Amino acid sequence: QVQLVESGGGSVQDGGSLKLSCAISGRAVSRYALAWFRQAPGKEREFVAAVNYSSRNKYYRDSVKGRFTISRDNAENTVYLQMNGLKPEDTALYYCACGRTPFMSTIQMQTRNEYGDWGQGTQVTVSS
């Protein structure tokens, strides 16, 4: 059984930084895309960032480009999200996710339904 456990969330001021981590167990993820999604109260879960199996390709939603960086360590079965320049609109529950199938395409990597294993989420709150 695959388990994903996020950590690193917290409360910061506008412009602050946080680094999220997601430890994955139960499967070697070296062939799978990994991603971060987020969900704010009353809103749907949305794509934030994804990294392919080799770390060669990374994708971000427009609103976080230049501020967030996704990375992974296949040896440690871990994915990270470095978040700088945080804004109040970044406030949400952040989830990490692992792709359903190996070697996903660009479109698949940015599609919520293409991820089959999810963590429980870590809260990020940014105050103005």
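Modeller: Here is a short walk through the ring contacts and the charges over them.

Colleague: What should I know before I start?

Modeller: This is a predicted model, where local features need pLDDT of at least 70, side-chain atom pairs count only at pLDDT 80 or more, and totals for chains, interfaces and linings use all residues. Residues are numbered from 1 along each chain as its sequence is written, and side-chain values use heavy atoms, leaving out hydrogens and water.

Colleague: How many aromatic pairs are there?

Modeller: The count is 6. Rings of Phe, Tyr and Trp (its six-membered ring) pair if their centres lie within 6.5 Å; planes under 30 degrees apart are stacked, over 60 edge-to-face, the rest tilted. One of the pairs is Phe37 with Phe47, edge-to-face at 5.8 Å centre to centre and 80° between the planes.

Colleague: Where do Phe37 and Phe47 sit in the chain?

Modeller: Phe37 is in strand β4 (residues 34-39) and Phe47 in strand β5 (residues 46-51), 10 residues apart. Strands (E, at least two residues) are DSSP runs, numbered from the N terminus.

Colleague: Is Phe37 buried or exposed?

Modeller: Phe37 counts as buried because its relative accessibility is 1%. Buried means under 20% relative accessible area (1.4 Å probe, protein chains only).

Colleague: Which cluster does Phe37 belong to?

Modeller: Phe37, Phe47, Tyr95, Tyr115 and Trp118 form one aromatic cluster.

Colleague: New topic: which ring does the charged end of Arg45 sit over?

Modeller: That of Tyr95, 3.6 Å from its centre. Arg45 also lies over the face of Trp118, 4.9 Å from the ring centre. The rule: NZ of Lys or CZ of Arg within 6 Å of the ring centre and within 35 degrees of the ring normal.

Definitions and conventions
Helices (H or I, at least four residues) and strands (E, at least two) are DSSP runs, numbered from the N terminus. Buried means under 20% relative accessible area, exposed over 50%, partly exposed in between (1.4 Å probe, protein chains only).
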